[in-house]
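Subject: Structure handover and findings

Dear colleague,

I am passing on the structure below, together with a note on what was found in it. Please read the note alongside the coordinates.

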Amino acid sequence: MACECRPPCFYPFIDIAMEKRKRYAVVLAGGSGLRAGGDVPKQFADLCGLPVLWWSVKAFHQADPDTRIRIVMHPGFFDLWDVLYSGMPEEEKEFDYDLVCGGRNRLESVKNGIAGIEEEDALIAVHDSARPLVDTSLILRGWKRGEATGAAVPVVAMTDSIRMLLPDGSQPLERSRYVRVQTPQVFEAGLLKRSYDAPLSPAMTDDASVVEAAGARVELYEGSERNMKITHPDDLLIASVLMRKR
């Protein structure tokens with residue numbers, strides 16, 4: 001973008017320095033969400049007046065309105081989403097997004113979500129819609145760390161004591177050596193797409209494991225204790241309380 005106070009032809013290097021990479025947010029909303037209970041999958045459940053998945057979409061737009069947002073969803077849920085979206089307040093529909101068909105599992109859904117992103121140097125943030133309490137500060141930390149490293153994952157420290165299960169019992173582990181992994185996980189587009197083109201395994205539970213299996217290094221950045229994942233019925237109640245406080 002050009003500086004308004006000077007003709008851009010006088011200082012052409014300014015445009016290059018100020019131009020930022022394109023950013024894509026791939027919001028995963030394709031799971032069945034059965035463990036969370038309720039009449040609909042958790043990503044469609046009501047959270048303070050809006051569907052759970054929309055809070056993540058809003059957060060990415062608020063953090064950077066230029067972010068291109070892709071919601072990845074099983075096509076069997078498209079009609080349900082149309083109904084929910086049409087019932088949302090008009091002020092919630094001030095920006096566009098793409099709706100992408102999800103796959104049979106998380107890995108296939110991510111692969112579908114990043115397909116068609118042609119810019120190798122763009123940044124892609126992959127986020128689970130079941131984490132609706134993600135906020136703009138966390139998203140901006142992810143963009144910054146992803147830009148610097150090419151692969152960045154948010155983590156939080158372990159606070160509970162942990163044990164490893166063994167065939168004949170269990171043993172304690174040093175919790176300071178372990179962290180809990182969250183989303184959004186941010187990657188350079190070329191790296192993420194090459195990683196997903198390599199053979200995939202069910203043991204790969206997130207995008208960081210896919211990228212590491214392809215031989216790349218993944219850096220960590222500070223997550224948030226409030227960036228909880230809705231998994232069980234009580235989690236939605238907790239998220240409601242936290243959302244109202246925010």
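Predicted model: local features only at pLDDT ≥ 70, side-chain atom pairs only at ≥ 80, totals over all residues.

Residues are numbered from 1 along each chain as its sequence is written, and side-chain values use heavy atoms, with hydrogens and water left out.

Overall make-up

The protein comprises eight helices and 12 strands, these being DSSP runs numbered from the N terminus (helices are H or I of at least four residues, strands are E of at least two). Of its 246 residues, 45% count as buried, where buried means under 20% relative accessible area, exposed means over 50%, and partly exposed lies in between (1.4 Å probe, protein chains only). Among the contacts with a separation of 6 or more, 74% come from residues 24 or more positions apart, a contact being heavy atoms within 4.5 Å.

Aromatic rings

Rings of Phe, Tyr and Trp (its six-membered ring) are paired if their centres lie within 6.5 Å, with planes under 30 degrees apart called stacked, over 60 edge-to-face and the rest tilted. The count by this rule is eight aromatic pairs. In one of them, the ring centres of Trp81 and Tyr85 are 5.8 Å apart with their planes at 45°, so this pair is tilted. Trp81 and Tyr85 are four residues apart in helix 3 (residues 78-86), and are therefore separated by about one helical turn; both are buried. Tyr85 also pairs with Tyr97, and because their planes are at 70°, with centres 5.6 Å apart, that pair is edge-to-face. Here distant parts of the chain are linked, since Tyr85 is in helix 3 and Tyr97, 12 residues apart from it, is in the loop between helix 3 and strand 5 (98-101). Ring pairs join Trp54, Trp81, Tyr85, Phe95 and Tyr97 into a cluster.

Two charged side chains also sit over rings, a term used if NZ of Lys or CZ of Arg is within 6 Å of the ring centre and within 35 degrees of the ring normal. The charged end of Lys93 is placed over the ring of Tyr85, 5.0 Å from its centre, and Arg68 lies over the face of Tyr24, 5.9 Å from the ring centre.

Leu84 is likewise in helix 3, and with 24% relative accessibility it counts as partly exposed. Leaving aside residues up to four places away in sequence, Leu84 touches Phe44 and Pro51, and its C-alpha atom is 8.6 Å from that of Leu50, which is 34 residues apart from it along the chain.

Salt bridges

The whole structure holds 15 salt bridges, each being a side-chain nitrogen of Lys or Arg within 4 Å of a carboxyl oxygen of Asp or Glu. One of these joins Arg21 to Glu147 (3.3 Å, N to O); Arg21 lies in the loop between helix 1 (12-18) and strand 1 (23-28) and Glu147 in helix 5 (residues 136-149), so the pair ties together parts that are 126 residues apart in sequence. Arg21 is partly exposed at 23%, as is Glu147 at 33%.

Glu119 and Lys22 form another salt bridge (3.1 Å, N to O), linking the loop between helix 4 (106-114) and strand 6 (123-128), where Glu119 lies, to the loop between helix 1 and strand 1, where Lys22 lies, 97 residues apart.

In the salt bridge of Asp64 with Arg23, the closest N and O atoms are 3.1 Å apart. Asp64 is buried at 6% relative accessible area, and Arg23 is buried at 13%. A network of salt bridges links Lys20, Arg23, Asp64 and Asp66.

Surface

The protein exposes about 13,500 Å², of which carbon and sulfur atoms supply 53%; accessible areas come from the Shrake-Rupley method with a 1.4 Å probe, and for residues only the protein chains shown count as cover. Val179, Val181 and Leu220 make a nonpolar surface patch of about 240 Å². Patches consist of residues with over 30% relative accessible area and no salt bridge, like charges being joined within 9 Å and nonpolar side chains (Val, Leu, Ile, Met, Phe, Trp, Tyr) within 5 Å. Val179 is in strand 10 (residues 179-181) and is partly exposed at 41% relative accessibility.

Best regards
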